[in-house]
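Please read the following report alongside the sequence and the model. It takes the contact between the chains first, then the ligand shells, and then the charged pairs.

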Amino acid sequence: MSEFEPKIVGFFCNWCTFTAADLAGTSRLSYPHNIKIIRMMCSGMVDPKYVIKAFLNGADGVLIGGCWPGDCHYINGNLKARRRVAMLTEILKEYGIDEKRFWLRWIAASEGTMLREVVSEMTAKLKALGPSPLNREAPGKEKK
Amino acid sequence: MANFIKLSFKKGELNQKLADIFKGMMEKGVVNALLAPMKQPKRGVMLTLVTDPFHLEAIDPFAPVAPVNGAKVVSSITAKPSGRKMAVVLRSCEIRALIELCKLKQANLEDVLLIGIDCLGRYENLDFVKLQAAGESSESFIVKALAGNTENSGCDVSGACKICEFPVADNVDLRLCIIGTGTDALYIESLTPKGDQALEAVGLKTGDTPGNREAAVQQLVKKRKEACDAAFAQYRASTHSIDALEDKLANCINCYNCRVACPVCYCKECVFVTDTFRHNGDQYMGWADTFGTLKMPTDTIFYHLTRMSHMSLFCVGCGQCTSACPNSIDLMPIFRTAAQKTQQRFNYQAGRSHDEKQPLTVFENDELVEVTGQVK
Ligand code: SF4
Ligand code: SF4
Ligand code: FES
């Protein structure tokens, strides 16, 4: 059986975390390929639905990347995102989707190194945690 | 505080007494209209908007039924104000939902004299009609329910009511009290200057105090709280995974009645009935291809979790979702347990106060640091 490779869906703000991922790329800082990045115009644009859908479709983790407080290009989208994440975490936890699977991190455009660290850390932690109960493709799970 | 008026009544005369008071209020111009539960010409009791006092005879505020959550009715009358003064008689779950709708600017209490009743529970709509046909009255219900017995000819009040910690309505101008008042008297309590004025206008002077009320209310609240804790614990023990939730919702047909009935499902147009969720055939085929099978209609769990993420902060536990489901899915515990967690997270309680801001409408620079765990 092959080693479990977690699938992480990343919702990255165009102005910071997405640019940081770009920077990591151009600086040849490699980060785990476990993350599939979706570019958003702001972390405040991440509708809770997107996160729910990602988990229901078997994502092992969801990472939202936004600008540091004070740096959001739309002034406070990131602060709204933080409240939504807190709210949604409570709901997901009720149904066995551990908060260790759902991260919000502030990663500025210049922080390519931090992006690599965060993605690596999340990947490692999810490997230790094992597949999401909703991941129907993880090794050892039968299709149902 | 002696802000009460005692209103003794003979058996069978409670509604007449109340009709007289409201008649007075309308005649004296305290209000131009009354929205209250009224007996309907055919059967049942529904919220009814009365502008001619002649029709007040049919009033029945303590009827143990709530075919819809009245917050939505008040919303439809007041969201675009009529400019006319209206007294509104509702139970606690309706008032708490109404407060949330006010915050969402979907209702307006400026011209409203808000009157809350003590609520001992409601029967499901059809059960109530059955009991009514069998000759049961609101008074006979009150007497039995106060003695702790709500079961009647195989019917009982809704599960939501049995675990409701709010038998008494807060944030009202006037309260119609029946808990701890003795079974031959109703007490009207005034809580605001608006309430005082309304009573004065019809020649009622406060000054009485129902001796047993406070203790009786506390005791009932305690009983309900314990029942609630037990019900939540039982629900959580049996439903702690998406798999278990799927089991609970296995008969759901995506009719969305639960959100139509929910007083705090506030979106004007639910996203689940928009083009976002109308797909082409090849899209469905594609999804089916992924695992070789696709349950139709799709997105059932997705819908319920999304609904939670929208309304759980405002859920008042009225149980209308459960009552509305054509497939007898007990939705109330599903939404109430999620609501308990999300409301606790923000130290928020739906309907507690007009002044508490809805959690997703405000935000601070330095709060909830634990979410990211990062400090600059
Ligand atoms: S979710 Fe159900 S119990 Fe909660 S407010 Fe809506 S209808 Fe009432
Ligand atoms: S009312 Fe019942 S069947 Fe209809 S959407 Fe809600 S849970 Fe599903
Ligand atoms: S613009 Fe980056 S989080 Fe709002």
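## The interface between the chains

Between them, chain A and chain B bury about 3,600 Å², with 65% of that area on carbon and sulfur atoms, where buried area is the accessible area (1.4 Å probe) that two parts lose on being put together, summed over both. Of the area that chain A buries against chain B, 25% is supplied by Arg83(A), Glu94(A) and Tyr95(A), more than by any other three residues. The contact involves 34 residues of chain A and 42 residues of chain B, contact meaning heavy atoms within 4.5 Å. This is a predicted model, in which local features need pLDDT of at least 70 and side-chain atom pairs count only at pLDDT 80 or more, while totals for chains, interfaces and linings use all residues. Residues are numbered from 1 along each chain as its sequence is written, chains are lettered from A and ligands numbered from 1 in the order in which they are written, and side-chain values use heavy atoms, with hydrogens and water left out.

There are 14 residue pairs in polar contact between chain A and chain B, both residues being at pLDDT 80 or more; a polar contact is a pair of N or O atoms within 3.5 Å, for which, within protein, one must be able to donate a hydrogen and the other to accept it, and residues adjacent in sequence count only if both atoms are side-chain atoms. On the side of chain A that touches chain B, helix H2 (48–56), helix H3 (77–94) and strand E4 (102–106) of chain A each supply at least two residues, helices (H or I, at least four residues) and strands (E, at least two) being DSSP runs numbered from the N terminus. H3(A) gives the largest share of that side, 12 residues. By class, the side of chain A that touches chain B comprises 17 nonpolar, three polar and 14 charged residues, with Ala, Val, Leu, Ile, Met, Phe, Trp, Tyr, Cys and Pro counted as nonpolar, Asp, Glu, Lys and Arg as charged, and the others, Gly among them, as polar.

## Helix H2 of chain A

The buried residues of H2(A) are Pro48(A), Lys49(A), Val51(A), Ile52(A), Ala54(A) and Phe55(A), buried meaning under 20% relative accessible area, exposed over 50%, and partly exposed in between (1.4 Å probe, protein chains only). These buried residues of H2(A) pack against strand E1 (8–13), strand E3 (61–66), H3 and E4 of chain A, together with H12 of chain B. At the start of H2(A), a side-chain oxygen of Asp47(A) comes to within 2.8 Å of the backbone nitrogen of Lys49(A), and just after H2(A), Gly58(A) takes a positive phi of about 100 degrees.

## The two ligand shells

Ligand 1 is surrounded by 13 residues, the closest being Cys262(B), Cys315(B), Cys318(B), Gly319(B) and Cys321(B); a residue is near a molecule or strand if one of its heavy atoms lies within 4 Å of it. The shell around ligand 1 divides into nine nonpolar, three polar and one charged residue. Gln343(B) lies in helix H14 (residues 331–345) of chain B and counts as buried because its relative accessibility is 8%.

Around ligand 2 there are 14 residues, of which Cys252(B), Cys255(B), Tyr256(B), Cys258(B) and Cys325(B) come nearest. Helix H10 (257–261) and H12 of chain B are the elements that give two or more residues to this shell, and its classes are 10 nonpolar, four polar and no charged residues.

## Salt bridges

Over all chains the structure holds 26 salt bridges, each a side-chain nitrogen of Lys or Arg within 4 Å of a carboxyl oxygen of Asp or Glu. Five salt bridges lie between chain A and chain B, including the one in which the side chains of Arg83(A) and Glu367(B) meet at 2.7 Å, N to O.

Within chain B, Glu57(B) forms a salt bridge with Lys23(B), the closest N and O atoms being 3.2 Å apart. Asp170(B) pairs in this way with Arg175(B) at 2.8 Å between the closest N and O atoms; Asp170(B) is partly exposed at 43% relative accessibility, whereas Arg175(B), at 10%, is buried. Salt bridges that share partners also join Glu90(A), Lys93(A), Glu99(A), Arg345(B) and Glu370(B) into one network.
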